[in-house]
Amino acid sequence: MLIDVVLKYIQDKKLSKYAFEQAVGLSNAYLANIKKTGSEIQPDKLKLILEKYLDLENYLESNTPSDGAPLISHEAAAGFGTAIFAIKDEDIMGRYVVPDFTNIDFMIRVKGSSMYPKYSSGDIVACRIIRESRFIQWNKPYIIATKEQGLLCKRLRQSEKKNHILAISDNKDYPPFDIPSNEITGIALIVGTIRLE
């Protein structure tokens, strides 16, 4: 659980829980209560923690135990564009261990036929969250989290419109369209696929 990794971070940094809580503005014994009740750190509190301890996000990524890449629902994946994105145990539908899939943040099932024949509805794609939007590789397939349309699976290209990204489907029945940059909350590169026959 996330709380266990945060407590390990505090121990590795040789901090007291009290000092950590005071620095972040948490109530006294907040972490102990979270651990005792088996609940999880609230998103607003996690945001405060990550803003104060800038190296914690990388620590979480490298110290969170995993028995494979988590397969999660579209609803759970919709939060991947936020700074406080954390996959909860109850959101994990299964795990996949694929040796060639490295540095994977999550896996998700493709819905619809807009990316056929590259991806069919039901295929499982392995995704790596893009943390810096300036490193987008044009014409590669991505999962895009948007405010209005939810998750989209598209190839991305540079748009002729300012502050937009062009989304392209492999299926020619779906015309390209521009997405305003401020509509996008997250982008994840698709690095692999599992297709069940």
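**Exercises on a predicted model**

The model is predicted, so local features need pLDDT of at least 70 and side-chain atom pairs count only at pLDDT 80 or more, while totals for chains, interfaces and linings use all residues. Residues are numbered from 1 along each chain as its sequence is written, and side-chain values use heavy atoms, with hydrogens and water left out.

**Exercise 1.** Find which residues of helix α4 are buried, and explain why they are said to line one face.

*Solution.* Helix α4 spans residues 43-52, and its buried residues (under 20% relative accessible area, with a 1.4 Å probe and protein chains only) are Leu-46, Ile-49 and Leu-50. Seen down the axis of α4, these residues fall within an arc of 95°, taken from the directions from the helix axis to the C-beta atoms, so they line one face of the helix.

**Exercise 2.** Describe the surroundings of Ile-34.

*Solution.* Begin with its place, which is helix α3, residues 30-37. Next, a relative accessible area of 8% makes Ile-34 buried. Finally, leaving aside neighbours within four places in sequence, Ile-34 is in contact (heavy atoms within 4.5 Å) with Ile-3, Ser-39, Glu-40 and Ile-41.

**Exercise 3.** Decide whether Ser-114 is buried or exposed, and locate it.

*Solution.* Ser-114 is in the loop between β3 (106-109) and β4 (124-129), and at 13% relative accessibility Ser-114 counts as buried.

Definitions and conventions. Buried means under 20% relative accessible area, exposed over 50%, partly exposed in between (1.4 Å probe, protein chains only). Helices (H or I, at least four residues) and strands (E, at least two) are DSSP runs, numbered from the N terminus.
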